[in-house]
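Visitor: I'm new to this one. Can you walk me through it?

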Amino acid sequence: MLLRTFIVTAILILLAPVPAMTQANAASIPHLAKQGTATQLIVDGKPYLVLGAELNNSSGSSLEYMRPLWPKIAATNLNTVLATTSWELLEPEEGRFDFSLVDGLIDGARRYNLHLIMIWFGSWKNGKSTYQPAWVKTNQQRFPLIQDEKGKGLPTLSTLSDSSRDADARAFAALMKHIREVDGDFHTVIMMQVENEVGVLDPPRDFSPAANKAFAGPVPKEFMDYLQNHKDTLIPELHKRWEAAGFKTSGSWEEVFGAGMDTDELFMAWNYGRYVGHVAAAGKAEYPIPMFVNTWLRQGPDKPNERKPGGYPSGGPLPEVMDAWRAAAPAIDILSPDVHVPNYDDWCTWYKQSGNPLFIPESRGDARGVAHAIATAAKYDGIGYSPFGIDRLVSPDGELGKGYQLLAQVAPLILERQGLGKVTAVLVDKDTPRSKVRLGDYTIEARFAPRSQDPNAPVASPVDRVAGLFIQLGPDDYVIAGRSINVYFESATDTTQSVGLVSSDEGQYVEGRWVPGRRLNGDETPDWRALWFPGDRYSIQKVKLYRYR
Ligand code: DGJ
């Protein structure tokens, strides 16, 4: 009996498919890991802060075009480039793959000591389908399109098609297999973005016959189970809607969540999540590096038509439908916002819900963008930041180049402290010129100082929003960095005590080592107790504090 069990087990082991990545390998490839309350990206065994930027959409399709760009990108102090790989160029004929562009991008990045985040422009890009190969585009029988309320086809692949999903997944798996083969030991490619800003544009949902049938049918059991198992931690908007319809545990989408556009959006979120999650899982079976999706956000009150599902791509991973994505797409590690709207802090807070790690794949690359990059890393324990359109942002003297030069110096200090309550940042601007935060036993306040302290240098700072970066080294020791701010300290534990500066040195981190410059005092320390960060550059100060009565 024992022998028979042994033989059967041995046969089963021999017949089992060999996993593409063994566990031992998987641990050393780029992955996510927790540190305190933060989730960090680990590259080559160390936490990594993405100081990134995304290429324009078509740049990665020509290695010739990229050639003169690489050195400029490297000189802008980035460590990571987000570059597109499109399905149409990867698989021009079904089953025939061309990896030359992928190889060329990896090679270019390596030459300039950069990492890559690859963006898979597969079935969708910005709510439309324009990057699928001709053999997909022209065969709507096999690869059906979304339809609007009147039954008119839109140039967007429907999520309700297994043949589209499987064809996309096969191509993405081939891409990941190739990346493992050429990069599994090098880790130039550190993350993948799967598809781009998905969702239905114009109608609030897909009205094709297959979609109508699924919408009228029961909410899938997997989603109902997820809702019940996560009832206490659901995103508040979804919890409220489920509660309003009576916390039903089965029924059609409209029975369980009520009728309306929000339910249309939730239905689409589930279906995009299922499709994209399937594509990601097929890729991860070949090479399981972290994978994320990005989101076209609901716009602000100045654009009322873009605040309803369909005005922005309906079903993309917006905060109110995060739970549908989590349940439908466990292979997706991060749901990311593309922040092209002004209320940066709000979106970071919403995207940190339910333990979602924060990564910003698209945003702005000006001085305000630098402030947001600092806040992402230090206030929100984020994995990194990436403005869109590096092609036109490249320059070491531009705002991004200067900001990333600062962040590159302090990144190791930030990463060591993320999730442990020893690093933070505040954002200040003309509408919120002062902001305070507690760090250790001190309350630290940044005051926006757009005009120079020095009356002989009357040039106003060109920046309209800045960040103060606060790093705690010891009970009374801090590293503070920023631009166009004054920084004040108070005791957070005893308000009868005043706080003074034992010393403040400006300086730089060179290869991780502090190299002090001037000892600052007098006119350089406003009110004899504050720090001054001038508006013409980013600077770093190392301070020691004391208390007196
Ligand atoms: C958002 C998209 O995700 C990008 O691919 C690009 O089209 C930008 N918008 C353009 O601003």
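Guide: What follows covers the ligand site, the sheet, the salt bridges and a few single residues.

Visitor: Before that, what should I know about the model and the numbering?
Guide: This is a predicted model: local features need pLDDT of at least 70, side-chain atom pairs count only at pLDDT 80 or more, and totals for chains, interfaces and linings use all residues. Residues are numbered from 1 along each chain as its sequence is written, and side-chain values use heavy atoms, with hydrogens and water left out.

Visitor: Okay, the ligand. Which residues surround the ligand?
Guide: Asn57, Lys125, Asn126, Asn196, Glu197, Asp338, Glu362 and Phe388 surround it.

Visitor: How many of the shell residues are charged?
Guide: Four are charged, three are polar and one is nonpolar. Here Asp, Glu, Lys and Arg count as charged; Ala, Val, Leu, Ile, Met, Phe, Trp, Tyr, Cys and Pro as nonpolar; the others, Gly among them, as polar.

Visitor: Which ligand atom does lysine 125 reach with a polar side-chain atom?
Guide: An oxygen atom, at 2.6 Å. Asparagine 196 has a polar side-chain atom 2.9 Å from a ligand oxygen. For asparagine 126 that distance is 3.3 Å. A polar contact is a pair of N or O atoms within 3.5 Å; within protein, one must be able to donate a hydrogen and the other to accept it, and residues adjacent in sequence count only if both atoms are side-chain atoms.

Visitor: What share of the ligand does the protein bury?
Guide: The protein buries 73% of the 290 Å² that the ligand exposes when taken alone. Those areas come from the Shrake-Rupley method with a 1.4 Å probe; for residues, only the protein chains shown count as cover.

Visitor: New topic. What order do the eight strands of the open sheet take?
Guide: The order is S11-S10-S9-S6-S5-S4-S13-S12, with parallel pairing. The edge strands are S11 (334-338) and S12 (359-360), and each pairs on one side only. Helices (H or I, at least four residues) and strands (E, at least two) are DSSP runs, numbered from the N terminus. Two strands pair if DSSP finds at least two bridges between them.

Visitor: What about S6: mostly covered or open?
Guide: Mostly covered. In strand S6 (residues 115-125), 11 of 11 residues are buried. Buried means under 20% relative accessible area, exposed means over 50%, and partly exposed is in between (1.4 Å probe, protein chains only).

Visitor: How many bridges join S5 to S6?
Guide: Seven, with strand S5 (residues 80-86) running parallel to S6. Alanine 83 has methionine 118 as its bridge partner in S6. Six bridges join S6 to strand S9 (residues 189-196), also parallel. There, tryptophan 120 stands opposite valine 194 in S9.

Visitor: And which strand does S10 join through five bridges?
Guide: S11. Strand S10 (residues 291-296) runs parallel to it, and asparagine 294 stands opposite serine 336 in S11.

Visitor: Now charges. How many salt bridges does the structure hold?
Guide: It holds 32. A salt bridge is a side-chain nitrogen of Lys or Arg within 4 Å of a carboxyl oxygen of Asp or Glu. Arginine 180 and glutamate 286 form one, at 3.0 Å from N to O.
Guide: Arginine 518 lies in strand S21 (residues 513-519) and glutamate 506 in strand S20 (residues 498-510), so the pair ties together parts 12 residues apart in sequence. Arginine 518 is partly exposed at 43% relative accessible area, while glutamate 506 is buried at 14%. Salt bridges that share partners join Glu506, Arg518, Asp536 and Arg537 into one network.

Visitor: Last thing. Where is glutamate 197 found?
Guide: In the loop between S9 and helix H9 (209-216). Glutamate 197 is buried, with a relative accessible area of 6%.

Visitor: And tryptophan 528: buried or exposed?
Guide: Exposed, at 73% relative accessible area. Tryptophan 528 is in the loop between S21 and strand S22 (531-533). Its phi is positive too, about 60 degrees, although it is not a glycine.

Notes:
Near = heavy atom within 4 Å.
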